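Subject: Structure for you to look at

Dear colleague,

Here is the structure I promised to hand over, with my notes on it below.

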Amino acid sequence: MVNKNIIKVRKKLDKLDNKLLDIIKKRLKLVDVVLRNKKFKKEIVDNKRISVILKNINRKSKNKKIDPKITNKIWKSMIKAFIDYEFRNFNKK
């Protein structure tokens, strides 16, 4: 049987996940705006920008006392997911 405290915490995690989904939806709308302004597929991957983003996330994670290995993996995964999305939707804009 699952501990009642674990159930309470999991409900809080579920609520937090719903908020994250709302944030991802907002981010996706902004990515759509950026995508509409790209003329060529080669503009989709901007390695310089990706590097800056990851450095900033690393620094901010440390400042907020969050394990930077976690945030680095999350952001790399998110960046890859949005790049894949842009490639899938480039010709649909």
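This is a predicted model: local features need pLDDT of at least 70, side-chain atom pairs count only at pLDDT 80 or more; totals for chains, interfaces and linings use all residues.

**Helix packing**

For helix H2, which covers residues 47-63, and helix H3, which covers residues 68-89, the axes come within 9 Å and cross at roughly 150 degrees. Because angles over 145 degrees count as roughly antiparallel, H2 is described as roughly antiparallel to H3, and the crossing of these two helices is right-handed.

The axes of H1 and H3, by comparison, come within 11 Å and cross at roughly 45 degrees, so that H1 and H3 are oblique to each other. The crossing of H1 and H3 is right-handed as well.

**Salt bridges**

How many salt bridges does a search of the whole structure find? The search finds 2, and they can be taken in turn.

One of them joins Lys38 to Glu86, with the closest N and O atoms 2.8 Å apart. This pair links distant parts of the chain, since Lys38 is in the loop between H1 and H2 while Glu86 is in helix H3, 48 residues apart. Are these two residues buried or exposed? Both Lys38 and Glu86 are buried.

The other salt bridge is formed by the side chains of Lys80 and Asp84, at 3.1 Å from N to O. Lys80 and Asp84 are 4 residues apart in helix H3, which means that about one helical turn separates them. Asp84 has a relative accessible area of 31% and is therefore partly exposed.

Most residues other than glycine have a negative phi, but Lys65, although it is not a glycine, has a positive phi of about 60 degrees. With a relative accessible area of 76%, Lys65 is exposed.

**Surface of H1**

A nonpolar patch on the surface is formed by Leu20, Leu21, Ile23 and Ile24, which together have about 380 Å² of accessible area. Of these residues, Ile24 lies in helix H1, which covers residues 4-36, and because its relative accessibility is 41%, Ile24 counts as partly exposed.

Asp32 also has its place in helix H1, and with a relative accessible area of 22% Asp32 is partly exposed.

**Two distances for orientation**

Asp32 and Val52 are 21 Å apart in space and 20 residues apart in sequence. Lys69, which lies in helix H3, is 16 Å from Ile50 in space, and 19 residues separate Lys69 and Ile50 in sequence. Lys69 counts as exposed, because its relative accessibility is 64% and the exposed class begins over 50%.

Definitions and conventions
Residues are numbered from 1 along each chain as its sequence is written. Side-chain values use heavy atoms; hydrogens and water are left out. Patches are made of residues with over 30% relative accessible area and no salt bridge: like charges are joined within 9 Å, nonpolar side chains (Val, Leu, Ile, Met, Phe, Trp, Tyr) within 5 Å. Accessible areas come from the Shrake-Rupley method with a 1.4 Å probe; for residues, only the protein chains shown count as cover. A salt bridge is a side-chain nitrogen of Lys or Arg within 4 Å of a carboxyl oxygen of Asp or Glu. Buried means under 20% relative accessible area, exposed over 50%, partly exposed in between (1.4 Å probe, protein chains only). Axes are lines fitted to C-alpha atoms, for helices over the stretch in contact, and angles run from 0 to 180 degrees between N-to-C directions. Angles under 35 degrees count as roughly parallel, over 145 as roughly antiparallel, 65 to 115 as roughly perpendicular and the rest as oblique. A crossing is left-handed if the near helix is turned anticlockwise from the far one by less than a right angle, and right-handed if clockwise.
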